[in-house]
Amino acid sequence: ARSQSNATDRSVDTSGTTLIALQTKEEINSIRNRMQVYPTRLGIGSSGRATVKLIKNPSSVSSTPSFSSAGSLSPIEYSTSTGVNTVSGGTVVATFFVGAGGVDIDLAPYFGYNKDYLSYPLTASEGDSLYVFAQSATGSVDMSAALTWEEQV
């Protein structure tokens, strides 16, 4: 399993911000990426009440997140860029409500066997992406996220 998290808390207001994002690579060591990625756990830290959505393949993302490779043999790139304040379109895979202190969530019901996963489809011009998008219930809260995933051929 691999994981990534925010190094520092983010200020999140009611309009929301992306905490972390994953994106599948087109190639791994110059070979077409055929791996499937199953997110397994999501840890959320929060100083107050908030909503967290997992949004797959949004059609619109504000500013341009900067993605880094999770490893030379990993099919995944991740982003913890700040300033990604709007994410629209796409598929909301799951919505979670978070209280002060945070929560650790098992993602197997959403990404388990024969459920949704992230890949780079042969017919697609780009790979799947997954955004962890957070919105505070009221005012502004400090939040962070840690996302863990499995990679399979």
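Trainee: What radius of gyration does the chain have, and what would a compact globule of 153 residues have?
Mentor: The chain has 15 Å, and a compact globule with 153 residues would be near 15 Å, so the two agree. The radius is taken over C-alpha atoms, and the globule rule is 2.2 Å times the number of residues to the power 0.38. Mind that this is a predicted model: local features need pLDDT of at least 70, side-chain atom pairs count only at pLDDT 80 or more, and totals for chains, interfaces and linings use all residues. Residues are numbered from 1 along each chain as its sequence is written, and side-chain values use heavy atoms, with hydrogens and water left out.

Trainee: What box do the C-alpha atoms fill?
Mentor: Roughly 45 × 30 × 25 Å, along the principal axes.

Trainee: How many helices and strands are there?
Mentor: The chain has 1 helix and 15 strands. These are DSSP runs, numbered from the N terminus: H or I with at least four residues for helices, E with at least two for strands.

Trainee: Of the contacts between residues at least 6 apart, what share joins residues at least 24 apart?
Mentor: 84% of them. Contact means heavy atoms within 4.5 Å.

Trainee: What share of the residues is buried?
Mentor: 44% of the 153. Buried means under 20% relative accessible area, exposed over 50%, partly exposed in between, with a 1.4 Å probe and protein chains only.

Trainee: Switching to rings. How many aromatic pairs turn up?
Mentor: A search of the whole structure finds 2. Rings of Phe, Tyr and Trp (its six-membered ring) pair if their centres lie within 6.5 Å; planes under 30 degrees apart are stacked, over 60 edge-to-face, the rest tilted. One of the pairs is Tyr38 with Tyr117, tilted, at 5.7 Å centre to centre and 45° between the planes.

Trainee: Where do Tyr38 and Tyr117 sit?
Mentor: Tyr38 is in strand β6 (residues 36-46), and Tyr117 is in the loop between α1 (108-111) and β14 (129-136). They are 79 residues apart, so the pair links distant parts of the chain.

Trainee: Is Tyr38 buried or exposed?
Mentor: Tyr38 is buried, at 14% relative accessible area. Tyr117 is partly exposed, at 28%.

Trainee: What geometry do Phe96 and Tyr110 have?
Mentor: Edge-to-face: 5.5 Å centre to centre, 85° between the planes. Phe96 lies in strand β12 (residues 91-98) and Tyr110 in helix α1, so the pair ties together parts 14 residues apart in sequence.

Trainee: Is Phe96 buried or exposed?
Mentor: Phe96 is buried, at 9% relative accessibility. Tyr110 is partly exposed, at 29%.
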